[in-house]
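Reader: Can you walk me through this one? I'm new to it.
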Amino acid sequence: MNYLDEYQQSIEQPELFWRKLAEQIKWYEFPETILSQDEHGFYRWFTGGKLNTAYLALDVHIEEGHGDQLALVYDSPATNSQRNYTFTELRDEVAKFAGGLKNLGVEKGDRVIIYMPMVAEAVIAMLACARLGAVHSVVFGGFAPHELAVRIDDARPKVLLTASCGIEFTKVIEYKPLVDNSMEIAKFTPEKVVVLQRPQAKAKMQPGRDHDWHELMSQAAPASPVSVNATDPLYILYTSGTTGLPKGIVRDNGGHAVALKYSMKAVYNTDPGDVYWAGSDVGWVVGHSYIVYAPLFHGCTTIVYEGKPVRTPDAGAFWRVISEHKVNTFFTAPTAFRAVKKEDPDAKLLKQYDISSLRTLFLAGERLDPPTYEWLMGILNKGSQPDIPVVDHWWQTETGWAICSNPMGIEPQAVRNGSPTFPMPGYNVQVLNEEGDICKPGETGNIVIHLPLPPSCLPTLWNDDERFKQSYLSQYPGYYLTGDEGVKDEDGYMFVMGRTDDVINVAGHRLSTGEMEELIAGHPAVAECAVTGIDDELRGQVPVGFVVLKDGIEMTQEKMQEELVAIIRREIGAVAYFRQSGIVKRLPKTRSGKILRKTIRLLAIEAEVSVPSTIDDPKILDEISEIMQERGIGQYATS
Ligand code: COA
Ligand code: AMP
């Protein structure tokens, strides 16, 4: 089928379309309905279906005779080690660890928090939870104890899984003290903590509460997969919203399995037996979907890479992994390649490796900026015909798979630089203006998706149906609000320009400037503040804060910056990359008192900024520009 026909059918006959795809996975009981609405009116996929996600990822392949095929390769330049797992070996480890969790009292529906670095055990832990029907919630290892505590309080896990340390380049980051600290901050306390002791750091254990990973496993009997409902939650993944309280995105079992399996062919054009590598982290949605679940559902080999694009040991790290493990499909964030390009602009290191196995390179997490796209096309393709297509695709934690992509496994489309191409089947994407009318081609507006969302997309937020409605469904009834603005051109190509809310994207990490403002506003000297994401060559965006001091308080710019940087580092984590701030007399506001954050952002990047007609006092903009110059912010940076 060609792309247009497949897309059209998915929109006009969604139940027929997804029924055929649901028939391609092994259910314990096939769903009674394909699409229905629950008591809140929320759409649900595959109600009445029964399945087990870990069984689909592992056991099915063994039953079909592929037990000896490689399922997972752990490649760790950080520790200079590697380990391979076949499907049988991985299934046995998962079943054993699930048995260990069972011994700790973990049952279907219980929550388990996973706060771990990029080791194979993190994947084993996720699959073990899925095997028991327990709901995992992975927290990115770069988040500080406060962030972990917020998630513990919301998810109320029975058990927390961690490791003694993570390794960032050569720096060993001890995780256990962070976990212990988060337990002091959190109001809710998990009953048990399981620690993977790594040779690089030995964690201090709390008797009674803390258990050693390997001891737990050695005493466990393998656990069998537990049958769960298609609509039962598989995981909660917290993501940044507009406030300090992250949104608990819920992923169900049935819709997730069907949509992710479909995406492996439709989006990525991969086949069972291929080697698929997502260079991301299990703490993010890309890691959930494309390091763990989708490649395994599809019978591919997945790679868990504990390293960086650069300095592990050099900017040839990606090429080394591709050539060594014969990667067919590679997926990472543009920021990672910007880091490579900065250190090896002529891609000299690429010449040392044979990357002939690579068929396609996919990028997401942030917009693929045209210079990075052109650089990649230049180094990967020699003639006029692309040898290795470079595909930008747009999606969100909320959806779990691509909303727009070049449909490589259906019918590849001509590329338009800066565009993630067309909506994938299942996504009825529109651009609406403030009045709710469909924008004309070329007109910028809010990107929305007509309900129902396709399978795998969030059915609601964990414990917060009201926030789900308010954040996503209320602005335009009948549509899901993506939070991104963009344009559709006359041929239907989508262009995603950026967020319309307080969410920014720093080196592929989704963060909330609203949360940073809440934290900065807690500083005793601060009367009010604004945090905005400004453009950054390497990280895409970085946050910058402007504060107004309370009357009578005097403080130097340097001292204030030092204290604000320390607050954000302590409360959110180094990963927020909050490094710059300025004290100003007043913030630019509209006459009705709304802070003009977009204008501040533009002042940091553009030579000439048009003064908004609603501003109460235009002179403030000159003051902010002067502070930016003085402090080397944005376009005034000296290095
Ligand atoms: N655990 C603990 N700390 C972490 C961390 C983790 N998992 N990830 C990042 N940090 C820390 C870093 O150590 C650094 O700390 P420092 O300020 O004390 O040095 C800080 O957070 C900032 O990190 P980062 O912005 O990542 O900068 P970097 O120089 O370490 O690396 C890149 C830059 C571009 C190489 C790196 O950000 C990268 O690989 N990005 C791609 C991200 C990605 O794949 N995202 C998934 C979306 S698909
Ligand atoms: P996350 O939930 O962390 O995956 O972040 C989702 C957000 O990242 C989206 O809402 C977009 O703002 C941005 N994003 C992700 N991929 C792309 C892309 N290919 N093009 C433009 N923006 C993207």
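Author: Here is a short tour, from overall build to single residues.

Author: This is a predicted model, where local features need pLDDT of at least 70, side-chain atom pairs count only at pLDDT 80 or more, and totals for chains, interfaces and linings use all residues. Residues are numbered from 1 along each chain as its sequence is written, chains are lettered from A and ligands numbered from 1 in the order in which they are written, and side-chain values use heavy atoms, with hydrogens and water left out.

Reader: Okay. How many helices and strands are there in the protein?

Author: The protein has 18 helices and 31 strands. Both are DSSP runs numbered from the N terminus: helices are H or I with at least four residues, strands are E with at least two.

Reader: And how compact is the protein?

Author: As compact as a globular protein of that length, because its radius of gyration is 24 Å, close to the 26 Å that the globule rule gives for 639 residues. The radius is taken over C-alpha atoms, and the rule is 2.2 Å times the number of residues to the power 0.38. The C-alpha trace spans about 70 × 60 × 60 Å along its principal axes.

Reader: What share of the residues is buried?

Author: Buried residues make up 61% of the 639. Buried means under 20% relative accessible area, exposed means over 50%, and partly exposed is in between (1.4 Å probe, protein chains only).

Reader: What about contacts in the protein?

Author: Take the contacts with a separation of 6 or more: 71% of them come from residues 24 or more positions apart. Contact means heavy atoms within 4.5 Å.

Reader: New topic. Where are the cis peptide bonds?

Author: One joins Thr 312 and Pro 313, with omega about 0 degrees. Pro 313 sits in the loop between strand 17 (301-305) and helix 11 (317-325). Another joins Leu 451 and Pro 452, also with omega about 0 degrees. Pro 452 is in the loop between strand 24 (445-450) and helix 14 (465-473).

Reader: What is the phi of Phe 169?

Author: Near 55 degrees, a positive value in a residue other than glycine. Phe 169 lies in the loop between strand 9 (165-168) and strand 10 (171-174).

Reader: And Thr 421, what is phi there?

Author: Near 70 degrees, again positive in a residue other than glycine. Thr 421 is in the loop between strand 21 (404-405) and strand 22 (422-423).

Reader: Is Thr 421 buried or exposed?

Author: Thr 421 is buried, with a relative accessible area of 2%. Phe 169 is partly exposed, at 24%.
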